[in-house]
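Dear colleague,

I am handing over the structure that we talked about, and you will find it just below.

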Amino acid sequence: MKKAGRTPEPTTFEEGRFGPYAFFWDVAVDGYRWETELKEFGNTSALAYLVECPEGGYTTYTPLKIRDLHRRFAKLSERTNGMLREEILDFANEYGLLGCPRDLWKFEGDRGELAYFGERDSDWRIRFHEFTCLLRIWDFIRTDDKPALRKIIQWSDDGTNVWVKGFAPSPTPAWNLAEKGSPRTGYLIDQWPRLSVIAPAKHFLYREINRVLAEQAAPQIFTDRPGESLIMPKSLLGAIYVLFALEVGGIAQPPIQCPGCGEYFVPHHGRQRHCSDSCRQKSYTRRKKEALKDNE
């Protein structure tokens, strides 16, 4: 089994800080595994759960120090049919569980006992799809890709309603984003230029990020730090959204597009142009082939 490996374990509280935020997360040293025999109490459905292998203990790291962790999460799968369990397992072995635990029971006949805490396969997929949809909207906004945004942000013919369409994992075909005359959203119709897509997309993006942050992060005070309050993510998912919010808010370094694969990533230094060594090698090989072709 793949061993967990990230940044070195922090030795001080300050190592887990990033501005007004602070966060530490544990990863099982012996990793995780998929379990299909355990059940949630009162739920007899056959589901797959990601559970830890606690025998080897835990190691702690600071997710907020991995500035592109949110984009690493979004790259779990480039397949159109969704993530494979192996990809989820690899990510968990590296960075830990998302922080959506469920009580899992082992049953023998009519008797059961609490055996593990685990995370549903479906929970990972839902959170992944929701996040990647928001990240895609953000990348469209950053690059001023209005044709792409027009497929998501749609105005009514009379300009009195604005909808968000095609946003997974919503089961509804469209969300009403703003409606003229509404006491809650009518002012937006007056603020936004008619048929604009950038401003409505930003409003939707900020609203959804804030919704998740309200669930997954909270300010805390500490007895050994009088006069100080820090915002602490409640889970790895919360840390992922904090890093995303810092990028969207212009606080963290913006991502660049890798010329090798076309994906956006956060460079670790000013001269980095490729997201990985393999992409750098691919670009070098492609340039070499093009040079040979030009010389023929």
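Val164 has Trp175, in strand 11, as its bridge partner. Please keep in mind while reading that this is a predicted model. The two strands concerned, strand 10 (residues 161-165) and strand 11, pair in the antiparallel sense over 5 bridges, and they belong to an open sheet of 3 strands with the order 9-10-11 and antiparallel pairing. Strand 9 (153-155) and strand 11 (174-179) each have a single partner strand and stand at the edges, so one side of each is left without a neighbour in the sheet. On average, and with direction ignored, neighbouring strands of this sheet are turned by 30° against each other.

Helix 6 lies across strand 9, strand 10 and strand 11, and its direction makes an angle of about 110° with strand 11. The helix takes in 19 residues (198-216), which at 1.5 Å a residue should span 27 Å, and the distance of 27 Å between its end C-alpha atoms agrees with that. Among the buried residues of helix 6 are Pro200, Ala201, Phe204, Leu205, Ile209, Val212 and Leu213, and Glu208 and Gln216 are buried there as well.

Trp192 is placed in the loop between helix 5 (186-191) and helix 6. With a relative accessible area of 8%, which is under the 20% cut-off, Trp192 counts as buried. Leaving aside residues up to four places away in sequence, Trp192 touches Trp155, Val162, Leu177, Ala178, Ala199, Pro200 and His203.

**A pair of helices**

Elsewhere in the chain, the axes of helix 3 (residues 121-142) and helix 7 (residues 236-248) come within 12 Å and cross at roughly 5°. Angles under 35 degrees count as roughly parallel, and helix 3 and helix 7 are therefore roughly parallel to each other. Helix 3 makes the contact through Arg127, Glu130, Phe131, Leu134, Leu135, Trp138 and Arg142, while helix 7 contributes Leu237, Ile240, Tyr241, Phe244, Glu247 and Val248.

**The protein as a whole**

The secondary structure comes to 8 helices and 15 strands, and 44% of the 296 residues count as buried. Of the contacts with a separation of 6 or more, 61% are between residues 24 or more positions apart. The accessible surface comes to about 16400 Å², and carbon and sulfur atoms account for 52% of that surface.

Key:
Residues are numbered from 1 along each chain as its sequence is written. This is a predicted model: local features need pLDDT of at least 70, side-chain atom pairs count only at pLDDT 80 or more; totals for chains, interfaces and linings use all residues. Side-chain values use heavy atoms; hydrogens and water are left out. Helices (H or I, at least four residues) and strands (E, at least two) are DSSP runs, numbered from the N terminus. The expected span of a helix is 1.5 Å times one less than its number of residues. Buried means under 20% relative accessible area, exposed over 50%, partly exposed in between (1.4 Å probe, protein chains only). Contact means heavy atoms within 4.5 Å. Accessible areas come from the Shrake-Rupley method with a 1.4 Å probe; for residues, only the protein chains shown count as cover. Two strands pair if DSSP finds at least two bridges between them. Axes are lines fitted to C-alpha atoms, for helices over the stretch in contact, and angles run from 0 to 180 degrees between N-to-C directions. Angles under 35 degrees count as roughly parallel, over 145 as roughly antiparallel, 65 to 115 as roughly perpendicular and the rest as oblique.
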